[in-house]
Amino acid sequence: MSKPENLVTTPYDPRPFFDEMFVNSYSVRSHYQHIFLQFMSMKAGNLSKRQTATMKRMMEEGITFTLYSPDQAEALERTIPFDPIPRIIPRDEWLKLERGLQQRVKALNLFLKDIYHDQCILKEGIIPRKMVLSNCYFRAEMMRLSIPNDVYVTVSGIDLIRDEHGEYFVLEDNLRSPSGFSYLYKSRSIMTHLFPELVFSHSIQDIEISLNVFLSALRRLSPSGKSDPVIGLLTPGCYNSAYFEHTFLAQQMGIQLVEGHDLVVIDHKVYIRGIKGLRQIDVLYRRIDDDFLDPLAFDPNSMLGVAGIMNAYRAGNINIVNAPGTGVADDKAIYAYVPDMIRYYLNEEPILNNVPTYILSRPEERDYVLQHLDEMVVKETSLSGGYGMLIGPSASESELADFRLKIIANPDRYIAQPTIQLSRAPVMMDGQMAARHIDLRAFVIAGESIQVIPGGLTRVALKEGSLVVNSSQGGGCKDTWVTNS
(Lines give C-alpha, C1' and ligand atoms only; values in the text may rest on other atoms or scores of the structure.)
Protein backbone atom coordinates (compact mmCIF):
# COMPACT_ATOMS: atom_id res chain seq x y z
CA MET A 1 0.00 0.00 0.00
CA SER A 2 1.50 3.33 -1.05
CA LYS A 3 1.62 6.08 1.55
CA PRO A 4 -0.62 9.09 0.74
CA GLU A 5 0.78 12.58 0.75
CA ASN A 6 0.42 14.58 3.99
CA LEU A 7 0.63 11.39 6.05
CA VAL A 8 -0.29 12.05 9.69
CA THR A 9 0.32 8.56 11.02
CA THR A 10 1.26 5.01 10.15
CA PRO A 11 -0.81 1.89 10.81
CA TYR A 12 -0.06 -0.01 13.97
CA ASP A 13 0.37 -3.72 14.54
CA PRO A 14 -3.11 -5.05 15.49
CA ARG A 15 -1.88 -8.40 16.84
CA PRO A 16 -2.88 -10.36 18.91
CA PHE A 17 -6.37 -8.82 18.94
CA PHE A 18 -9.08 -8.60 16.30
CA ASP A 19 -8.87 -5.10 14.85
CA GLU A 20 -11.88 -3.44 13.25
CA MET A 21 -9.82 -1.58 10.61
CA PHE A 22 -6.59 -3.51 10.07
CA VAL A 23 -6.02 -7.13 9.07
CA ASN A 24 -2.33 -6.57 9.77
CA SER A 25 0.11 -3.66 9.79
CA TYR A 26 -0.10 -3.19 6.03
CA SER A 27 -3.57 -4.41 5.12
CA VAL A 28 -6.82 -2.50 5.69
CA ARG A 29 -10.20 -4.23 5.68
CA SER A 30 -12.13 -3.50 2.48
CA HIS A 31 -14.98 -1.54 4.13
CA TYR A 32 -12.41 0.75 5.82
CA GLN A 33 -10.26 1.44 2.76
CA HIS A 34 -11.79 4.80 1.88
CA ILE A 35 -11.96 6.15 5.43
CA PHE A 36 -8.35 5.08 6.04
CA LEU A 37 -7.10 6.95 2.97
CA GLN A 38 -9.10 10.04 3.92
CA PHE A 39 -7.57 10.16 7.39
CA MET A 40 -4.09 9.43 6.11
CA SER A 41 -4.36 12.37 3.73
CA MET A 42 -5.34 14.85 6.45
CA LYS A 43 -2.76 17.34 7.65
CA ALA A 44 -2.03 17.00 11.35
CA GLY A 45 -2.83 20.67 11.99
CA ASN A 46 -6.23 20.46 10.30
CA LEU A 47 -7.14 17.30 12.20
CA SER A 48 -6.11 18.89 15.48
CA LYS A 49 -8.29 21.94 14.77
CA ARG A 50 -11.28 19.74 14.02
CA GLN A 51 -10.82 17.75 17.21
CA THR A 52 -10.62 21.00 19.18
CA ALA A 53 -13.80 22.21 17.45
CA THR A 54 -15.46 18.93 18.37
CA MET A 55 -14.74 19.39 22.09
CA LYS A 56 -15.86 23.03 21.92
CA ARG A 57 -19.13 22.01 20.27
CA MET A 58 -19.77 19.39 22.93
CA MET A 59 -19.17 21.92 25.68
CA GLU A 60 -21.46 24.49 24.04
CA GLU A 61 -24.25 21.95 23.64
CA GLY A 62 -23.78 20.61 27.16
CA ILE A 63 -23.00 17.08 26.02
CA THR A 64 -21.67 15.97 29.37
CA PHE A 65 -21.51 13.05 31.73
CA THR A 66 -20.94 13.13 35.47
CA LEU A 67 -17.90 11.08 36.42
CA TYR A 68 -17.77 9.65 39.93
CA SER A 69 -14.50 8.57 41.51
CA PRO A 70 -13.74 7.29 45.01
CA ASP A 71 -10.59 9.42 44.92
CA GLN A 72 -12.56 12.68 44.55
CA ALA A 73 -14.70 14.41 47.13
CA GLU A 74 -17.06 15.71 44.45
CA ALA A 75 -18.34 14.33 41.17
CA LEU A 76 -16.72 15.71 38.02
CA GLU A 77 -18.88 16.82 35.11
CA ARG A 78 -17.08 16.46 31.82
CA THR A 79 -17.63 16.04 28.11
CA ILE A 80 -17.60 12.55 26.68
CA PRO A 81 -14.26 12.03 24.93
CA PHE A 82 -15.16 11.66 21.24
CA ASP A 83 -13.01 9.99 18.63
CA PRO A 84 -13.46 11.04 14.99
CA ILE A 85 -12.53 7.72 13.35
CA PRO A 86 -15.92 6.00 12.89
CA ARG A 87 -16.52 2.34 13.46
CA ILE A 88 -17.90 0.75 10.28
CA ILE A 89 -20.08 -2.37 10.28
CA PRO A 90 -20.84 -3.97 6.89
CA ARG A 91 -24.53 -4.51 6.12
CA ASP A 92 -24.39 -8.32 6.00
CA GLU A 93 -22.63 -8.41 9.37
CA TRP A 94 -25.23 -6.04 10.82
CA LEU A 95 -28.17 -8.10 9.55
CA LYS A 96 -27.04 -11.07 11.68
CA LEU A 97 -26.62 -8.82 14.72
CA GLU A 98 -30.06 -7.33 14.12
CA ARG A 99 -31.76 -10.72 13.94
CA GLY A 100 -29.95 -11.89 17.06
CA LEU A 101 -30.90 -8.79 19.04
CA GLN A 102 -34.55 -9.01 17.97
CA GLN A 103 -34.63 -12.66 19.00
CA ARG A 104 -33.06 -11.90 22.37
CA VAL A 105 -35.38 -9.02 23.30
CA LYS A 106 -38.44 -11.02 22.25
CA ALA A 107 -37.41 -13.86 24.55
CA LEU A 108 -36.66 -11.49 27.45
CA ASN A 109 -40.12 -9.94 27.20
CA LEU A 110 -41.70 -13.40 27.20
CA PHE A 111 -39.62 -14.32 30.24
CA LEU A 112 -40.82 -11.27 32.16
CA LYS A 113 -44.44 -11.97 31.30
CA ASP A 114 -43.99 -15.58 32.42
CA ILE A 115 -42.35 -14.93 35.79
CA TYR A 116 -45.01 -12.36 36.71
CA HIS A 117 -47.83 -14.68 35.68
CA ASP A 118 -47.67 -18.48 35.35
CA GLN A 119 -43.94 -18.97 36.08
CA CYS A 120 -43.76 -21.96 33.74
CA ILE A 121 -40.01 -21.64 33.20
CA LEU A 122 -39.52 -21.86 36.98
CA LYS A 123 -41.92 -24.77 37.44
CA GLU A 124 -40.05 -26.75 34.79
CA GLY A 125 -36.74 -26.06 36.53
CA ILE A 126 -35.08 -24.38 33.56
CA ILE A 127 -34.16 -21.41 35.74
CA PRO A 128 -33.80 -21.86 39.52
CA ARG A 129 -36.85 -20.45 41.29
CA LYS A 130 -34.77 -18.98 44.10
CA MET A 131 -32.58 -17.06 41.65
CA VAL A 132 -35.65 -15.21 40.35
CA LEU A 133 -37.90 -14.83 43.38
CA SER A 134 -35.11 -13.75 45.75
CA ASN A 135 -33.61 -11.37 43.19
CA CYS A 136 -33.45 -7.79 44.47
CA TYR A 137 -35.11 -6.56 41.25
CA PHE A 138 -38.06 -8.96 41.37
CA ARG A 139 -41.22 -7.00 42.24
CA ALA A 140 -44.06 -8.96 43.80
CA GLU A 141 -46.23 -5.88 43.11
CA MET A 142 -46.12 -6.83 39.41
CA MET A 143 -47.61 -10.28 39.87
CA ARG A 144 -50.66 -10.92 37.64
CA LEU A 145 -50.61 -7.31 36.44
CA SER A 146 -51.59 -6.92 32.79
CA ILE A 147 -49.08 -4.95 30.71
CA PRO A 148 -50.19 -3.21 27.47
CA ASN A 149 -49.25 -5.43 24.50
CA ASP A 150 -47.21 -7.59 26.94
CA VAL A 151 -44.25 -5.27 26.37
CA TYR A 152 -42.31 -5.08 29.62
CA VAL A 153 -39.14 -3.81 27.96
CA THR A 154 -39.85 -1.13 25.36
CA VAL A 155 -36.27 0.04 25.08
CA SER A 156 -33.14 -1.94 25.85
CA GLY A 157 -29.41 -1.50 25.49
CA ILE A 158 -27.62 -4.75 24.69
CA ASP A 159 -23.82 -4.69 25.04
CA LEU A 160 -21.88 -6.62 22.41
CA ILE A 161 -18.19 -7.46 22.20
CA ARG A 162 -15.96 -9.27 19.71
CA ASP A 163 -13.26 -11.75 20.67
CA GLU A 164 -9.82 -12.19 19.14
CA HIS A 165 -11.39 -14.13 16.25
CA GLY A 166 -13.91 -11.38 15.46
CA GLU A 167 -16.91 -13.35 16.74
CA TYR A 168 -19.65 -11.32 18.42
CA PHE A 169 -20.89 -12.12 21.93
CA VAL A 170 -23.57 -10.55 24.10
CA LEU A 171 -21.87 -9.20 27.21
CA GLU A 172 -24.81 -7.66 29.10
CA ASP A 173 -28.52 -6.90 28.80
CA ASN A 174 -29.49 -3.43 30.07
CA LEU A 175 -33.26 -3.39 30.50
CA ARG A 176 -34.15 -1.03 33.35
CA SER A 177 -33.22 2.39 31.97
CA PRO A 178 -30.35 1.98 29.52
CA SER A 179 -28.35 5.13 28.84
CA GLY A 180 -26.36 6.32 25.83
CA PHE A 181 -29.06 7.29 23.32
CA SER A 182 -28.06 10.92 23.19
CA TYR A 183 -24.39 10.13 22.52
CA LEU A 184 -25.40 7.95 19.60
CA TYR A 185 -27.28 10.82 17.92
CA LYS A 186 -24.79 13.49 18.91
CA SER A 187 -21.90 11.43 17.58
CA ARG A 188 -23.56 11.35 14.16
CA SER A 189 -24.39 15.06 14.34
CA ILE A 190 -20.79 15.97 15.20
CA MET A 191 -19.38 13.86 12.37
CA THR A 192 -21.85 15.36 9.88
CA HIS A 193 -20.98 18.95 10.80
CA LEU A 194 -17.24 18.70 11.38
CA PHE A 195 -16.25 15.84 9.04
CA PRO A 196 -18.87 16.12 6.25
CA GLU A 197 -16.53 14.81 3.55
CA LEU A 198 -16.24 11.55 5.49
CA VAL A 199 -19.96 11.10 6.14
CA PHE A 200 -21.23 12.04 2.69
CA SER A 201 -18.65 9.96 0.83
CA HIS A 202 -20.07 6.80 2.42
CA SER A 203 -23.49 5.18 2.04
CA ILE A 204 -24.56 4.61 5.64
CA GLN A 205 -27.90 3.88 7.27
CA ASP A 206 -29.79 6.78 8.83
CA ILE A 207 -30.42 6.81 12.57
CA GLU A 208 -32.59 9.94 12.95
CA ILE A 209 -35.78 8.11 12.00
CA SER A 210 -35.33 5.84 15.02
CA LEU A 211 -36.42 8.70 17.31
CA ASN A 212 -39.79 8.58 15.55
CA VAL A 213 -39.82 4.81 16.03
CA PHE A 214 -39.18 5.32 19.75
CA LEU A 215 -41.93 7.94 20.01
CA SER A 216 -44.38 5.70 18.13
CA ALA A 217 -43.60 2.85 20.53
CA LEU A 218 -44.37 5.09 23.51
CA ARG A 219 -47.62 6.35 21.95
CA ARG A 220 -48.70 2.79 21.23
CA LEU A 221 -48.52 1.99 24.94
CA SER A 222 -51.06 4.60 25.99
CA PRO A 223 -53.72 2.87 28.10
CA SER A 224 -56.32 5.44 27.07
CA GLY A 225 -56.10 4.69 23.37
CA LYS A 226 -55.74 8.39 22.56
CA SER A 227 -54.30 9.24 19.16
CA ASP A 228 -52.16 11.93 20.77
CA PRO A 229 -51.42 10.79 24.35
CA VAL A 230 -49.53 12.91 26.86
CA ILE A 231 -46.07 11.40 27.37
CA GLY A 232 -43.54 12.36 30.02
CA LEU A 233 -39.91 11.53 30.71
CA LEU A 234 -39.31 11.21 34.44
CA THR A 235 -35.81 12.37 35.40
CA PRO A 236 -34.17 12.43 38.84
CA GLY A 237 -33.12 16.01 38.04
CA CYS A 238 -30.18 18.08 36.90
CA TYR A 239 -27.69 16.41 39.24
CA ASN A 240 -28.14 13.02 37.62
CA SER A 241 -25.19 11.82 35.53
CA ALA A 242 -27.37 11.35 32.43
CA TYR A 243 -29.43 14.55 32.74
CA PHE A 244 -28.19 15.84 29.37
CA GLU A 245 -29.61 12.72 27.78
CA HIS A 246 -32.97 13.16 29.50
CA THR A 247 -33.33 16.72 28.23
CA PHE A 248 -32.14 15.75 24.74
CA LEU A 249 -34.65 12.92 24.35
CA ALA A 250 -37.54 15.00 25.71
CA GLN A 251 -36.75 17.84 23.32
CA GLN A 252 -36.21 15.63 20.27
CA MET A 253 -39.39 13.60 20.79
CA GLY A 254 -41.51 16.52 21.93
CA ILE A 255 -42.50 14.96 25.23
CA GLN A 256 -42.69 16.48 28.72
CA LEU A 257 -39.55 16.46 30.87
CA VAL A 258 -40.74 16.06 34.46
CA GLU A 259 -39.42 15.42 37.94
CA GLY A 260 -41.33 13.69 40.70
CA HIS A 261 -42.54 16.94 42.27
CA ASP A 262 -44.10 17.95 38.92
CA LEU A 263 -46.57 15.07 39.15
CA VAL A 264 -49.50 14.33 41.42
CA VAL A 265 -51.85 11.35 41.71
CA ILE A 266 -55.57 12.03 42.12
CA ASP A 267 -58.19 9.26 42.01
CA HIS A 268 -55.59 6.82 40.65
CA LYS A 269 -54.72 9.11 37.76
CA VAL A 270 -51.41 10.91 37.27
CA TYR A 271 -51.36 14.62 36.42
CA ILE A 272 -48.67 17.12 35.47
CA ARG A 273 -48.81 20.34 37.41
CA GLY A 274 -48.66 23.37 35.14
CA ILE A 275 -49.45 27.08 34.89
CA LYS A 276 -52.81 26.23 33.32
CA GLY A 277 -53.65 23.62 35.93
CA LEU A 278 -53.49 19.83 35.89
CA ARG A 279 -53.03 17.72 32.77
CA GLN A 280 -53.38 13.96 32.83
CA ILE A 281 -50.36 11.98 31.68
CA ASP A 282 -50.80 8.69 29.82
CA VAL A 283 -47.30 7.25 29.39
CA LEU A 284 -44.27 7.82 31.61
CA TYR A 285 -40.82 6.93 30.30
CA ARG A 286 -38.98 6.75 33.59
CA ARG A 287 -35.24 7.17 34.02
CA ILE A 288 -35.16 6.32 37.72
CA ASP A 289 -34.89 2.89 39.31
CA ASP A 290 -37.82 1.00 40.80
CA ASP A 291 -36.79 1.75 44.38
CA PHE A 292 -37.31 5.48 43.87
CA LEU A 293 -40.42 5.31 41.69
CA ASP A 294 -43.14 5.36 44.36
CA PRO A 295 -42.46 5.96 48.08
CA LEU A 296 -45.78 4.29 48.94
CA ALA A 297 -44.86 1.06 47.13
CA PHE A 298 -41.06 0.86 47.34
CA ASP A 299 -38.53 3.00 49.24
CA PRO A 300 -40.51 5.30 51.60
CA ASN A 301 -37.57 7.71 51.75
CA SER A 302 -37.55 8.43 48.05
CA MET A 303 -37.83 12.11 47.11
CA LEU A 304 -37.55 11.42 43.38
CA GLY A 305 -40.70 9.49 42.58
CA VAL A 306 -44.46 10.00 42.67
CA ALA A 307 -46.52 8.87 45.65
CA GLY A 308 -49.33 6.61 44.45
CA ILE A 309 -48.17 6.11 40.87
CA MET A 310 -48.16 2.32 41.28
CA ASN A 311 -51.85 2.43 42.24
CA ALA A 312 -52.54 4.43 39.08
CA TYR A 313 -50.49 1.89 37.12
CA ARG A 314 -52.43 -1.04 38.56
CA ALA A 315 -55.69 0.77 37.79
CA GLY A 316 -54.66 0.97 34.14
CA ASN A 317 -54.62 4.76 33.99
CA ILE A 318 -50.94 5.17 33.11
CA ASN A 319 -48.26 3.04 31.52
CA ILE A 320 -44.70 3.07 32.86
CA VAL A 321 -41.80 2.41 30.48
CA ASN A 322 -39.86 0.23 31.05
CA ALA A 323 -42.20 -1.66 33.34
CA PRO A 324 -41.28 -1.97 37.02
CA GLY A 325 -39.63 -5.28 37.79
CA THR A 326 -37.74 -5.59 34.50
CA GLY A 327 -34.42 -5.47 36.35
CA VAL A 328 -34.71 -9.13 37.23
CA ALA A 329 -34.08 -9.93 33.55
CA ASP A 330 -30.86 -7.93 33.31
CA ASP A 331 -29.36 -9.37 36.47
CA LYS A 332 -25.94 -10.79 35.56
CA ALA A 333 -26.77 -14.25 36.88
CA ILE A 334 -30.08 -14.40 34.99
CA TYR A 335 -28.10 -13.35 31.89
CA ALA A 336 -26.51 -16.80 31.84
CA TYR A 337 -29.93 -18.33 31.19
CA VAL A 338 -31.01 -16.14 28.24
CA PRO A 339 -29.98 -18.81 25.68
CA ASP A 340 -32.24 -21.23 27.57
CA MET A 341 -35.07 -18.66 27.43
CA ILE A 342 -34.68 -18.41 23.67
CA ARG A 343 -34.90 -22.20 23.28
CA TYR A 344 -37.82 -22.46 25.72
CA TYR A 345 -40.05 -19.62 24.51
CA LEU A 346 -39.14 -19.44 20.83
CA ASN A 347 -38.00 -23.00 20.10
CA GLU A 348 -34.96 -21.53 18.35
CA GLU A 349 -31.22 -21.68 18.79
CA PRO A 350 -29.63 -18.38 19.89
CA ILE A 351 -28.27 -16.38 16.98
CA LEU A 352 -25.87 -14.50 19.27
CA ASN A 353 -23.89 -16.32 21.93
CA ASN A 354 -23.36 -15.30 25.54
CA VAL A 355 -19.91 -14.95 26.99
CA PRO A 356 -19.33 -18.22 28.93
CA THR A 357 -20.46 -17.49 32.49
CA TYR A 358 -19.79 -19.19 35.82
CA ILE A 359 -22.57 -19.07 38.42
CA LEU A 360 -20.70 -18.82 41.71
CA SER A 361 -23.54 -20.20 43.81
CA ARG A 362 -22.67 -23.56 42.20
CA PRO A 363 -19.87 -25.09 44.32
CA GLU A 364 -17.95 -26.71 41.47
CA GLU A 365 -17.98 -23.54 39.36
CA ARG A 366 -17.04 -21.40 42.37
CA ASP A 367 -14.09 -23.66 43.16
CA TYR A 368 -12.85 -23.46 39.59
CA VAL A 369 -13.11 -19.66 39.51
CA LEU A 370 -11.31 -19.27 42.84
CA GLN A 371 -8.46 -21.38 41.49
CA HIS A 372 -8.27 -19.26 38.30
CA LEU A 373 -9.25 -15.86 39.68
CA ASP A 374 -6.36 -14.07 38.00
CA GLU A 375 -7.78 -15.17 34.60
CA MET A 376 -11.36 -14.09 35.25
CA VAL A 377 -13.61 -11.04 35.08
CA VAL A 378 -15.82 -11.12 38.19
CA LYS A 379 -18.98 -8.98 38.36
CA GLU A 380 -21.45 -8.22 41.11
CA THR A 381 -24.77 -9.37 39.67
CA SER A 382 -26.87 -6.32 40.59
CA LEU A 383 -24.43 -3.57 39.62
CA SER A 384 -23.68 -1.91 36.28
CA GLY A 385 -21.53 0.85 34.82
CA GLY A 386 -18.27 -0.96 35.52
CA TYR A 387 -18.78 -0.90 39.31
CA GLY A 388 -18.27 -3.91 41.59
CA MET A 389 -16.01 -5.61 39.05
CA LEU A 390 -12.66 -7.37 39.14
CA ILE A 391 -10.51 -7.81 36.03
CA GLY A 392 -8.24 -10.63 37.13
CA PRO A 393 -5.32 -10.29 34.68
CA SER A 394 -4.74 -6.65 35.67
CA ALA A 395 -5.59 -6.96 39.39
CA SER A 396 -3.03 -6.74 42.17
CA GLU A 397 -2.47 -9.55 44.65
CA SER A 398 -4.36 -7.61 47.33
CA GLU A 399 -7.31 -7.00 44.99
CA LEU A 400 -7.46 -10.68 44.13
CA ALA A 401 -7.33 -11.59 47.82
CA ASP A 402 -10.12 -9.13 48.68
CA PHE A 403 -12.38 -10.45 45.92
CA ARG A 404 -11.68 -14.04 46.91
CA LEU A 405 -13.01 -13.28 50.39
CA LYS A 406 -16.05 -11.48 48.96
CA ILE A 407 -16.91 -14.46 46.75
CA ILE A 408 -16.55 -16.95 49.58
CA ALA A 409 -18.72 -14.80 51.89
CA ASN A 410 -21.49 -14.09 49.33
CA PRO A 411 -21.17 -16.35 46.27
CA ASP A 412 -24.76 -15.59 45.14
CA ARG A 413 -23.80 -11.95 44.54
CA TYR A 414 -21.20 -12.68 41.86
CA ILE A 415 -20.69 -14.27 38.46
CA ALA A 416 -17.42 -14.80 36.64
CA GLN A 417 -16.43 -14.89 32.99
CA PRO A 418 -13.17 -15.71 31.23
CA THR A 419 -11.33 -12.59 30.13
CA ILE A 420 -12.29 -11.91 26.53
CA GLN A 421 -9.67 -10.12 24.47
CA LEU A 422 -11.99 -7.35 23.26
CA SER A 423 -11.57 -6.23 19.68
CA ARG A 424 -9.76 -2.99 19.07
CA ALA A 425 -10.20 -0.04 16.77
CA PRO A 426 -7.97 2.92 15.93
CA VAL A 427 -8.44 6.22 17.74
CA MET A 428 -6.64 9.50 17.17
CA MET A 429 -4.13 10.27 19.91
CA ASP A 430 -1.98 13.39 19.39
CA GLY A 431 -2.21 13.06 15.62
CA GLN A 432 -1.37 9.35 15.61
CA MET A 433 -3.55 6.28 15.26
CA ALA A 434 -3.52 4.22 18.43
CA ALA A 435 -5.31 0.95 19.15
CA ARG A 436 -7.92 0.89 21.91
CA HIS A 437 -10.41 -1.74 23.05
CA ILE A 438 -14.08 -1.18 22.22
CA ASP A 439 -17.56 -2.60 22.67
CA LEU A 440 -20.94 -1.81 21.14
CA ARG A 441 -24.15 -0.87 22.93
CA ALA A 442 -27.01 -1.70 20.57
CA PHE A 443 -30.37 -0.08 21.24
CA VAL A 444 -33.51 -2.11 20.62
CA ILE A 445 -37.04 -0.65 20.53
CA ALA A 446 -40.03 -2.95 21.00
CA GLY A 447 -43.09 -1.29 19.48
CA GLU A 448 -45.43 -2.69 16.85
CA SER A 449 -42.37 -4.71 15.84
CA ILE A 450 -38.90 -5.04 17.36
CA GLN A 451 -36.46 -2.66 15.69
CA VAL A 452 -32.76 -2.10 16.24
CA ILE A 453 -31.22 1.36 15.76
CA PRO A 454 -28.61 0.89 13.00
CA GLY A 455 -25.16 0.88 14.54
CA GLY A 456 -25.61 1.77 18.17
CA LEU A 457 -22.99 3.38 20.40
CA THR A 458 -19.37 2.27 20.17
CA ARG A 459 -17.67 2.83 23.51
CA VAL A 460 -13.90 3.12 23.77
CA ALA A 461 -11.53 2.29 26.62
CA LEU A 462 -9.23 5.29 26.22
CA LYS A 463 -6.57 4.06 28.62
CA GLU A 464 -4.07 1.91 26.76
CA GLY A 465 -4.65 -1.77 27.47
CA SER A 466 -7.81 -1.17 29.51
CA LEU A 467 -10.89 -3.32 28.93
CA VAL A 468 -13.27 -0.95 30.78
CA VAL A 469 -15.23 1.11 28.25
CA ASN A 470 -17.94 2.57 30.51
CA SER A 471 -18.37 6.35 30.43
CA SER A 472 -18.73 6.26 34.21
CA GLN A 473 -15.19 4.86 34.33
CA GLY A 474 -13.67 7.39 31.92
CA GLY A 475 -14.41 5.76 28.56
CA GLY A 476 -15.12 7.61 25.32
CA CYS A 477 -17.23 6.99 22.24
CA LYS A 478 -17.20 7.12 18.45
CA ASP A 479 -19.79 7.20 15.68
CA THR A 480 -20.92 3.80 14.39
CA TRP A 481 -21.81 3.38 10.72
CA VAL A 482 -23.80 0.54 9.19
CA THR A 483 -23.26 0.44 5.44
CA ASN A 484 -26.14 0.20 2.97
CA SER A 485 -24.40 -2.40 0.89
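Helices (H or I, at least four residues) and strands (E, at least two) are DSSP runs, numbered from the N terminus. The model is predicted: local features need pLDDT of at least 70, side-chain atom pairs count only at pLDDT 80 or more, and totals for chains, interfaces and linings use all residues. Residues are numbered from 1 along each chain as its sequence is written, and side-chain values use heavy atoms, with hydrogens and water left out.

**Exercise 1.** Describe how H2 and H6 pack.

Step 1. Axes are lines fitted to C-alpha atoms, for helices over the stretch in contact, and angles run from 0 to 180 degrees between N-to-C directions. For H2 (residues 44-61) and H6 (residues 181-194) the angle is about 135°, and the axes are 11 Å apart.

Step 2. Angles under 35 degrees count as roughly parallel, over 145 as roughly antiparallel, 65 to 115 as roughly perpendicular and the rest as oblique. H2 and H6 are therefore oblique to each other.

Step 3. Contact means heavy atoms within 4.5 Å. H2 contributes Arg50, Ala53, Thr54, Arg57, Met58 and Glu61, and H6 contributes Lys186, Ser189, Ile190, His193 and Leu194.

**Exercise 2.** Characterise the salt bridge between Asp330 and Arg176.

Step 1. A salt bridge is a side-chain nitrogen of Lys or Arg within 4 Å of a carboxyl oxygen of Asp or Glu. In this pair the closest N and O atoms are 3.4 Å apart.

Step 2. Asp330 lies in the loop between strand S14 (319-321) and helix H11 (338-346), and Arg176 in the loop between strand S7 (168-174) and H6, so the pair ties together parts 154 residues apart in sequence.

Step 3. Both Asp330 and Arg176 are buried (under 20% relative accessible area, with exposed over 50% and partly exposed in between; 1.4 Å probe, protein chains only).
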